[in-house]
Amino acid sequence: MATVGTPRLLIVRLSHIGDAALTVPLAYAIRDHWKEAYVAWAAEPAVTRLLRGHPAVDHIIEVPTRWLKRVRAWSSLRRELRSHRFDIALDPQSLLKSSALAWLSGARMRIGFDGAHGREGSRWLNNTLVKPQRPHLVDRSLELLEPLGVHTHAKPRFEIPIREDAIQSMNPFLARLRGEPFVAINPGAGWDSRRWPIERFAQVARWLKSHCGWRSVITWGGESEQAMAHELQSLSCGAAVMAPPTTLNELMALLSNAQLYFGGDTGPMHLANAVGTRCVGLYGPTRPEHSGAYGAQHLAIVAPSDAPHGGTPSKHSRDSIDSIQVGEVCQRLADYLHQHRQVG
């Protein structure tokens with residue numbers, strides 16, 4: 001069903017930095033189709049910090065973390081959401097917490113996923129369901145526009161603007177690198193099952209220095225990842241240095257200057273993609289065709305499945321990520337860099 005006039009749309013992607021970065025093409029697709037549309041995005045605080053000032057989004061609605069359990073927040077959220085008079089809510093997350101917020105918004109048309117991607121109670125609260133045909137999160141999210149008569153054919157746009165103050169903040173650290181090319185190495189991840197062993201990251205950092213002449217800059221966030229970064233730096237024998245503490249925008253400024261991103265399937269990888277940096281991703285319990293760095297320019301190093309009959313590995317098991325060996329990674333990196341004429 002195609003809409004008429006200038007719609008007022010709400011995107012509900014509440015959490016996870018990486019998933020939010022992969023949802024940005026949805027906002028651009030709306031803006032490209034309806035230049036004058038009103039586009040708002042409801043998100044938890046970590047995601048709102050990423051989206052502030054985004055050119056495709058008119059307004060950010062900050063939603064408390066675990067809002068469904070905060071009964072006192074319901075009435076104020078309802079009041080704020082309904083003040084925007086949304087016609088359409090798009091729910092690419094399709095969980096109970098996101099579909100309930102779409103319903104609370106008062107939007108008459110609430111579009112979410114059917115089938116396996118319509119989880120928890122979302123299929124009851126969203127009233128227009130799309131059964132996605134394409135596996136990747138980016139493509140699935142864009143399919144939510146099809147009931148509106150919007151069929152996207154252009155290459156998805158990921159650009160997230162980097163604020164000037166973040167660029168200026170990172171300049172002193174970049175100056176200390178004296179213009180030398182570097183690889184951003186990110187050893188952390190939200191799940192332990194996505195974390196490759198630190199000593200293997202250190203071996204790759206040493207390989208990058210000896211074979212490519214590239215130093216590694218270790219990105220991190222929070223105390224636990226800071227401890228990992230210290231350990232990696234120590235084991236690298238001078239091949240890697242720690243990045244300073246960064247905000248999300250400062251991290252994007254740093255990533256935009258890197259030759260490559262190297263690390264697991266986690267938020268910083270998708271931020272690197274969003275700022276145009278090629279990504280070399282390690283995939284254990286996740287698969288690049290579902291949620292990896294989007295585009296043929298990236299390299300995916302995928303663990304063999306540990307599930308029966310070639311199924312998806314358990315998201316809680318370290319077996320799959322641990323099965324990726326350093327020798328394989330260095331050989332794949334050498335081939336990839338030679339193909340892109342960056343080394344040799």
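In what order do the strands of the open sheet of six strands with β3 and β2 stand? The views below begin with that sheet. This is a predicted model, where local features need pLDDT of at least 70, side-chain atom pairs count only at pLDDT 80 or more, and totals for chains, interfaces and linings use all residues. Residues are numbered from 1 along each chain as its sequence is written, and side-chain values use heavy atoms, with hydrogens and water left out.

**View 1. An open sheet of six strands runs β3-β2-β1-β4-β5-β6, with parallel pairing.** Strands (E, at least two residues) and helices (H or I, at least four) are DSSP runs, numbered from the N terminus, and two strands pair if DSSP finds at least two bridges between them. β3 (59–62) and β6 (128–130) stand at the edges with a single partner strand each, so one side of each has no neighbour in the sheet. From one strand to the next, the twist averages 20 degrees. Strand β2 (residues 38–43) pairs with β3 in the parallel sense over four bridges, and A40 stands opposite H59 in β3. Helix α4 (residues 96–104) packs on this sheet and touches β1 (8–12), β2, β4 (88–90) and β5 (109–113). The direction of α4 makes about 160 degrees with that of β1. Here contact means heavy atoms within 4.5 Å; axes are lines fitted to C-alpha atoms, for helices over the stretch in contact, and angles run from 0 to 180 degrees between N-to-C directions.

**View 2. Another open sheet of six strands has the order β9-β8-β7-β10-β11-β12, again with parallel pairing.** Its edge strands, β9 (240–242) and β12 (299–302), each pair on one side only. The twist averages 20 degrees from one strand to the next. Look for strand β7 (residues 182–186) and strand β8 (residues 215–218), which run parallel and are joined by four bridges. The bridge partner of F182 in β8 is R215. Helix α8 packs on the sheet, touching β7, β8, β9, β10 (260–264) and β11 (279–283), and its direction makes about 175 degrees with that of β7.

**View 3. Helix α8 (residues 198–212) packs with helix α9 (residues 222–235) at an angle of about 45 degrees, with their axes 8 Å apart.** That angle makes α8 oblique to α9; angles under 35 degrees count as roughly parallel, over 145 as roughly antiparallel, 65 to 115 as roughly perpendicular and the rest as oblique. In α8, I198, E199, F201, A202 and R206 meet M228, E231, L232 and L235 in α9. The residues of this contact divide into six nonpolar, no polar and three charged. Ala, Val, Leu, Ile, Met, Phe, Trp, Tyr, Cys and Pro count as nonpolar, Asp, Glu, Lys and Arg as charged, and the others, Gly among them, as polar.

**View 4. α8 also packs with helix α14 (residues 326–339), at an angle of about 35 degrees and with axes 10 Å apart.** On the α8 side, the contact is made by R200, Q203, V204, W207, L208 and C212, and on the α14 side by V326, V329, C330, L333, A334 and L337. Sorted by type, the residues of this contact are 10 nonpolar, one polar and one charged.

**View 5. The axes of helix α7 (residues 164–176) and helix α10 (residues 248–255) come within 9 Å and cross at roughly 55 degrees.** The two helices, α7 and α10, are therefore oblique to each other. A166, I167, S169, M170, F173 and L174 in α7 meet N249, E250, A253 and L254 in α10. This contact divides into seven nonpolar, two polar and one charged residue.
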